[in-house]
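Please keep the sequence and the structure open while reading.

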Amino acid sequence: MPDDVRARQRTGTGLGLLLALVLGAVLLTALPEDDDRQDADDCMPYTVGAWSADDRLTGEFARYGDDATRADDWTGGDGTHSVRLPDGRVLWLFSDTYLGQVYAPPNPVGESFAWRDTTAPLVRNSAVLMRDGRLETTLPAPLFPDPAPNQWRWPVAARVEPRAPGSDEQVVRVLLWVRTAGAAPWIYGMPTATEVATLSLPDLRVESITKVFDQQLVPDASRRVLFGTTLIEEDGWTYVFGGDDGQAASRPVSSAYVARVPEGRLGEPAAWQYWNGSTWASGGRPAPVLGNQHKRTGVGSAFSVVREDGTYVLFTMAAGTAGLTTVSSYWACSPTGPWHGPTKNLPASLPDGEVAAYNPQLHPAASTGGRLVLSYDVNWLEPTAAAAQLNRNVSLYRPRFVTLTLKPQR
């Protein structure tokens, strides 16, 4: 899920998303009309107007993670995604996650950092519930079990939708990325498949997990596409964005792709359609909508999209070495593009040390008053020292939040 590849290797403990910092059946006939075409008057270039740290939300995750009255719960993680539930709670989803106890400073080497023991459990995914802006509890972790030996699941975007089209009953659909253990350059696992988990409401029990896009037979692992880094709901469709892992191989940037699914049918493989470069198709190879290695435009394998009026705005880590510290944005009049940009580079504030930012994600569930909330994850760059550094200073491996506004680009 990340942005450069060799520069941000982690240890073999599997600390998940730093992987890309720099470097089908026929649909039923009763589907929504194709509304991808935008009226020119509804779409204009958008860029970031204001950008500031959200200390309250960043501090809330620090408070919860450092709470010594709890044991075997979330103390740090990456791959940050969120979804608001019908009862007002917010479900926060994470990929690789530290559980266990956090101890007050000083740490064992005398530094003024809260710390955790080196035996603290590390799981491949977790979920934390928030009510009225306060984190309350960690669901039993991992929430999504490994699908097979040497494979694991990373949760990405989620949404609440009808259990079936027209149903009054609602469920939570969570997109999952399946990865399989591999040798270099796939030290974070080879992309394997996209799945959809169905969680019941209000108890958030995992009812089922369905594979919707299998990539195991694609011979070039750098060309395998995983969907679900971000979702956009529009006119009866859920647009599902995804990416490949070009930066884990020889290509300098990754590419973005898009699929669409009728509302209420995310868990049905036959309902998915993929943009192939000229039309929506229920099978075949999807075509990239953003990514040009010659012009060094593209995305990290984790990015986020929002729709502002008739314009789609995409946030990703910048190309090249700036992707360690800098977020870029693109805009388009349709999910399929053409995408324009990057339009503006934005600095991601980082703690001291050999650290980097990755996985910028928008959080509509936490956004209010015309201001968007965006998170980015933080990790230690040096692979041989990563686990030790994250344990001696638990504040490193936690999301940071900013608030931003969008404005027409002049």
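Q361 is placed in strand β24, which covers residues 355–362. The model is a predicted one. With a relative accessibility of 2%, Q361 falls under the 20% cut-off and therefore counts as buried.

**Surroundings of Q361**

- Two side chains are in polar contact with the side chain of Q361: that of H81, at 3.4 Å, and that of T229, also at 3.4 Å.
- Leaving aside residues up to four places away in sequence, Q361 touches T80, H81, T229, A302, F303, S304, V373, L374 and S375.
- One of these contacts, S304, stands opposite F315 of strand β21.

- Strand β20 (residues 304–308) pairs with β21 in the antiparallel sense, over 5 bridges.
- β20 and β21 make a hairpin with 2 residues between them, and D309 in the turn has a positive phi of about 55°.
- β21 is also joined to strand β22 (residues 326–332), by 6 bridges and in antiparallel fashion.
- In that pairing, T316 stands opposite S328 of β22.

**Open sheet β3-β4-β9-β10**

- Strands β3, β4, β9 and β10 form, in that order, an open sheet of 4 strands with antiparallel pairing.
- The edges are β3 (81–84) and β10 (134–138); each has a single partner strand, so one side of each has no neighbour in the sheet.
- From one strand to the next, the twist of this sheet averages 30°.
- Within the sheet, β4 and strand β9 (residues 126–131) run antiparallel and are joined by 5 bridges.
- L91 has L129 in β9 as its bridge partner.
- Helix α1 (residues 55–66) packs on this sheet and touches β4, β9 and β10; the helix direction makes about 40° with that of β10.
- H81, a polar partner of Q361, is within the residue range of edge strand β3 (81–84).

**Open sheet β11-β12-β13-β14**

- A further open sheet has 4 strands in the order β11-β12-β13-β14, and its pairing is antiparallel.
- β11 (151–162) and β14 (206–214) are the edge strands; because each has a single partner strand, one side of each is left without a neighbour in the sheet.
- Neighbouring strands here are turned by 25° against each other on average, direction ignored.
- Strand β12 (residues 170–180) and strand β13 (residues 190–199) run antiparallel and are joined by 9 bridges.
- V174 has A197 in β13 as its bridge partner.

**Aromatic rings**

- The whole structure contains 18 aromatic pairs.

**Charged groups over rings**

- R124 lies over the face of W152, at 3.8 Å from the ring centre.
- R260 has its charged end over the ring of W237, 3.8 Å from the centre of that ring.

**S254 in its loop**

- S254 is located in the loop between β16 (237–243) and β17 (256–262).
- S254 has a relative accessible area of 0% and is therefore buried.
- Its side chain reaches the backbone oxygen of D244, at 3.2 Å.

Technical notes
Residues are numbered from 1 along each chain as its sequence is written. This is a predicted model: local features need pLDDT of at least 70, side-chain atom pairs count only at pLDDT 80 or more; totals for chains, interfaces and linings use all residues. Side-chain values use heavy atoms; hydrogens and water are left out. Two strands pair if DSSP finds at least two bridges between them. Axes are lines fitted to C-alpha atoms, for helices over the stretch in contact, and angles run from 0 to 180 degrees between N-to-C directions. Rings of Phe, Tyr and Trp (its six-membered ring) pair if their centres lie within 6.5 Å; planes under 30 degrees apart count as stacked, over 60 as edge-to-face and the rest as tilted. A charge sits over a ring if NZ of Lys or CZ of Arg is within 6 Å of the ring centre and within 35 degrees of the ring normal. Buried means under 20% relative accessible area, exposed over 50%, partly exposed in between (1.4 Å probe, protein chains only). A polar contact is a pair of N or O atoms within 3.5 Å; within protein, one must be able to donate a hydrogen and the other to accept it, and residues adjacent in sequence count only if both atoms are side-chain atoms. Contact means heavy atoms within 4.5 Å.
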